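Hi,

Here is the structure I promised to pass on. Have a look at it first, and then read on for what turned up.

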Amino acid sequence: MLSILDLFRVGIGPSSSHTVGPIRIANRFGVALGEAGVRDKVVRIVVELQGSLALTGAGHATPKAVVLGLLGLEPETLDPNLADAQVAAVYTARRLLLPDGPEIGFDPETDIVFAYDVLPDLHPNGMKLTAYGQDEAVLLEETFYSTGGGFIATARQLSTPPADDIVQVGKAVPFPFASAKDLLANCAERGVPIHEIILANEDAMRPRAETEMALDRIAAVMLACIARGLVHEGVLPGGLKVRRRAPEIWKKLQDSPQTNEREQIFDWLNAYAMAVNEENASGGQVVTAPTNGAAGIIPSVIKHYCTDVEDRTVRLRKFLLTAGGVGLLYKQRASISGAEMGCQGEVGVACSMAAAGLAAVWGGTAQQCANAAEIGMEHNLGLTCDPVGGLVQIPCIERNAIGAVKAVNAARLALHSVEPTKVSLDQVIETMRQTGLDMSSKYKETSQGGLAVNVIEC
């Protein structure tokens, strides 16, 4: 099985599928050149962006991501404050130094090709890389796909039929599950909550101390992102002239912290979620949760409910383990890619994960956590992905704020009942998958429909 640490990854904005994924793909291609023994013979590399990577790649900083990856950088470890300068140097010199290889001529304006007419069959986010030697001889050509949440796959991997039993794919764990039904059965048989099942599975992948350290770092990066977003003012890059609003909301909250206005809880959640997504939109460091476009929902909820308490660390770990377990269900049974599912696969999944995590922190049973996850997704079904100008700003930033509030309400509703919901979590995940398949491509991260064509760009 996958690890929840595969879902919660540190990266940079603005998009996990269009920025983080392409960084990894370009980096992987550089490694493949070395493995093929042709790196020293390379004189030119051409990168073709296909499908959604072409249609919204400019607004999602995909060309920047390609350059960073070819430079050998990884999204988890690169310095976002230096990234723009490193990319600018390549654009200016039209030269690129391959890691452990030669310096080659590389002009991003011509060597990164936007193939708007190519719509890949295997996945909407296609990326073909070709390395040439002397006399334009092809040394290596590979097509990759950015499948959402920073995950990547080769054409061979996506075209290979999956194993009949999904629980046998990936790392062997003591409590495998291919569905929410399986997960809840594991909990019932052992009399433990979801987060303990997930932690036991993670124990099979690495020492527990390493898992706990990783969870603590994930939480720390999320909270640090909120802290930066609450003080960074100004206008976001990209041409829409979207003004950062989180700092303004935050200042108002600081000026009236003791107000008795019940609705102020919305302001706290809104400020935290928008702070993260405004940082994401500016290319800052975020955690895919499970994607960059939905990166503000889980941090917003954990900031408000898990930090100013004595058992802070326990709450944060319980939240992330439970939310991560739910996220694995979506990743295994459907998709977390906006280019495949629309925004229901990003904000909808994040809302579902956050609802389950909060229900666990509030003492909910495994069934109540599953109920919370189901409610969180049920009321995001059909949510389209139609970013204005191809930028992760409108409606994405506000959508995270709404998603955070909705997640809290889903957890509250779930804790008012102990029996299973009429619609199971498995059924709502399958419904999301079917809805995504039926959804027109105009509404799946192509900026060819919805708000993207009905809002005049500034």
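Predicted model: local features only at pLDDT ≥ 70, side-chain atom pairs only at ≥ 80, totals over all residues.

Residues are numbered from 1 along each chain as its sequence is written, and side-chain values use heavy atoms, with hydrogens and water left out.

Domain 1 covers 12-159 and domain 2 covers 180-443; these bounds come from an automatic or database domain assignment. Their C-alpha centres are 29 Å apart. Domain 1 puts 19 residues into the contact and domain 2 puts in 22, where contact means heavy atoms within 4.5 Å.

What holds across that interface in terms of polar pairs? The rule finds six residue pairs in polar contact there, both residues at pLDDT 80 or more. (A polar contact is a pair of N or O atoms within 3.5 Å; within protein, one must be able to donate a hydrogen and the other to accept it, and residues adjacent in sequence count only if both atoms are side-chain atoms.) Salt bridges between the two domains number zero, taking a salt bridge as a side-chain nitrogen of Lys or Arg within 4 Å of a carboxyl oxygen of Asp or Glu. On the domain 1 side, α2 (16-35) and β7 each supply at least two of the residues that touch domain 2. Helices (H or I, at least four residues) and strands (E, at least two) are DSSP runs, numbered from the N terminus.

Now to the sheet that β7 belongs to. This open sheet has five strands in the order β5-β2-β6-β7-β8, with mixed pairing; two strands pair if DSSP finds at least two bridges between them. β5 (112-115) and β8 (151-154) are at the edges with a single partner strand each, so one side of each has no neighbour in the sheet. β6 (residues 125-132) and β7 (residues 138-148) pair in the antiparallel sense over seven bridges, and Ala131 stands opposite Leu140 in β7.

Finally, the whole structure has 21 salt bridges. One pairs Glu279 with Arg244, with the closest N and O atoms 2.9 Å apart. Glu279 is in helix α12 (residues 264-281) and Arg244 in the loop between α10 (208-229) and α11 (246-255), 35 residues apart.

Cheers
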